[in-house]
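Open the model in your viewer and keep the selection tool at hand. The tour goes from one stop to the next, with what to select and what is there.

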Amino acid sequence: MRRVTIGIWRVGLLIGLMLGLGLVLAACGDDEQAQSSTEAQQQTTPEAQQEQPLQESAAQEQTQQEQSAPAQQQQQQATDSLAHQQAEEQSEAADATQQQSAADQQQTAQQASSQDQQSQQQAMTPEEAVPEGTRLITLFGDLTEIVYALGVEEFLVARDTSSIWPRVVEDLPNLGFAGALNAEAILGFEPTLIIGTPMAGPPEVLEQLQQAGVDVLIIDDLNGLDAPQIKIRIVGEALGIVQRAEALAQDVEARMAAVIAASADVERPLRVMHIYIRRGGLQLVSGAGNKAAAIIDAAGGVDAAAEAGIVGWQPLSPEALVAADPDVYLVMDRGLEVIGGIDGLLEIPGMAETRAGEGPYVISMADLYLLGFGPRLPEAVADLAGFLREVRVEIDAEDSQASEE
């Protein structure tokens, strides 16, 4: 900071004139100090921050917060320096014009120094970024969706067969089923990081990949509605973009809270049973503790299997179906296709003997969309809630017509 000094009056000046000018100077100095302090505070008051887009790095917000502290310290130093300067000028009995010039120059120097310090602070604050040279492979669809939602899909070099969303991901090489991996095929893509679920394997292949110097991260399969946020934060930390991941996690959490609030206090909730069907005759009913139970509850329904005492996955049986007597069947698109649609579904013993089968009231949704528990989970729950409302309207209309007859 530059300091401007002023000359003193010669001894021959009249004492009365010196005292008069000193009183005027003191009054001007006080006014100037208050004005300079107010202007300095106004110049550095941060503007209200705007909400950042979903895919934009949250590092800018942190940078602004880091800059505010040195800026306030700079203001206080400048104010103290200005007060000291004015005291010296008064003791030297300078004329008012010279004092004003000195204050203006000092304030200009203060502003330049503050701007230089802020520029240096900004230059020293790095932006979040995935490390250069990262070559990523994801081994389940929800993790692949998270990578795309974080906006770092350019680092993906391959994916497993369950990674089908967004559709553009199908342009990447397909490594096949995540549970039947081939180490040589994976190493051919020279990955530096592999992120998968407990389904990934076999274990000896994962061990071989680690021995080859590849980082392998396995994220537990989670059944709670907070699963997407947890997985997003883990993936973000692994890729070195913690703040961007936190912004996405908070966005998903807010959207989920809004969906749950909209579905709360549903009058006469429908009793829903989730049926899992695959090729080879695999037919299971989902009960308490599974993902479907959390989704049905969040959408404003009641899990009929959990209500009937079924826990986890149980083989589908006519007795269990009739005992639970659900209002609606919830199935996956792929499973419904395997058995030939709704007609094939109702041919399964016991399926047509329930309220859901008599309708028939069947809701079919995409597997990964509903059970993947990725960034789209709030939208999937909202869609299920909408389908349940539509079924309720149909049931009420049929009940009303039956009562009239």
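**Stop 1: the largest pocket**

Select helix 15 to begin: with four residues, helix 15 gives the largest share of the lining of the largest pocket. Helices (H or I, at least four residues) and strands (E, at least two) are DSSP runs, numbered from the N terminus. This is a predicted model, in which local features need pLDDT of at least 70, side-chain atom pairs count only at pLDDT 80 or more, and totals for chains, interfaces and linings use all residues. Residues are numbered from 1 along each chain as its sequence is written, and side-chain values use heavy atoms, with hydrogens and water left out.

The space in the largest pocket is about 970 Å³. Show Phe140, Tyr276, Arg278, Asp367 and Leu371, the closest to the pocket centre of the 33 lining residues. Colour the lining by class: 15 residues are nonpolar, eight polar and ten charged.

The terms are these. On a 1 Å grid over the protein atoms alone, a pocket is an open set of points where a 1.4 Å probe fits, with protein on both sides within 12 Å along at least five of seven lines; lining residues have an atom within 4 Å of a point. Points are joined across faces, edges and corners, and the volume is the space filled by probe spheres set on them. Ala, Val, Leu, Ile, Met, Phe, Trp, Tyr, Cys and Pro count as nonpolar, Asp, Glu, Lys and Arg as charged, and the others, Gly among them, as polar.

**Stop 2**

Select the four strands of the open sheet, in the order 2-1-3-4, with parallel pairing. Strand 2 (156-159) and strand 4 (215-218) are at the edges with a single partner strand each, so one side of each has no neighbour in the sheet. On average, neighbouring strands are turned by 20° against each other, direction ignored.

Zoom in on strand 1 (136-139): three bridges join it to strand 2 (strands pair if DSSP finds at least two bridges between them). Here Ile137 stands opposite Ala158. Contact means heavy atoms within 4.5 Å. Axes are lines fitted to C-alpha atoms, for helices over the stretch in contact, and angles run from 0 to 180 degrees between N-to-C directions.

**Stop 2**

Asp142, Leu143, Ile146 and Val147 of helix 4 meet Lys231, Ile232 and Val235 of helix 7. This contact has five nonpolar, no polar and two charged residues.

Next, select helix 9 with helix 16 (377-404). They pack at about 65°, with axes 8 Å apart. Ile295, Ile296 and Ala298 in helix 9 meet Leu377, Val381 and Leu384 in helix 16. Six of the contact residues are nonpolar, none polar and none charged.

**Stop 3: backbone details**

Where is Pro166? Look in the loop between strand 2 and helix 5 (183-187). The peptide bond from Trp165 to Pro166 is cis, with omega near -5°. Another cis bond joins Gly201 and Pro202, with omega about 5°.

Finish at Asp325, between helix 11 (318-324) and strand 9 (328-332). Its phi is near 45°, positive in a residue other than glycine.
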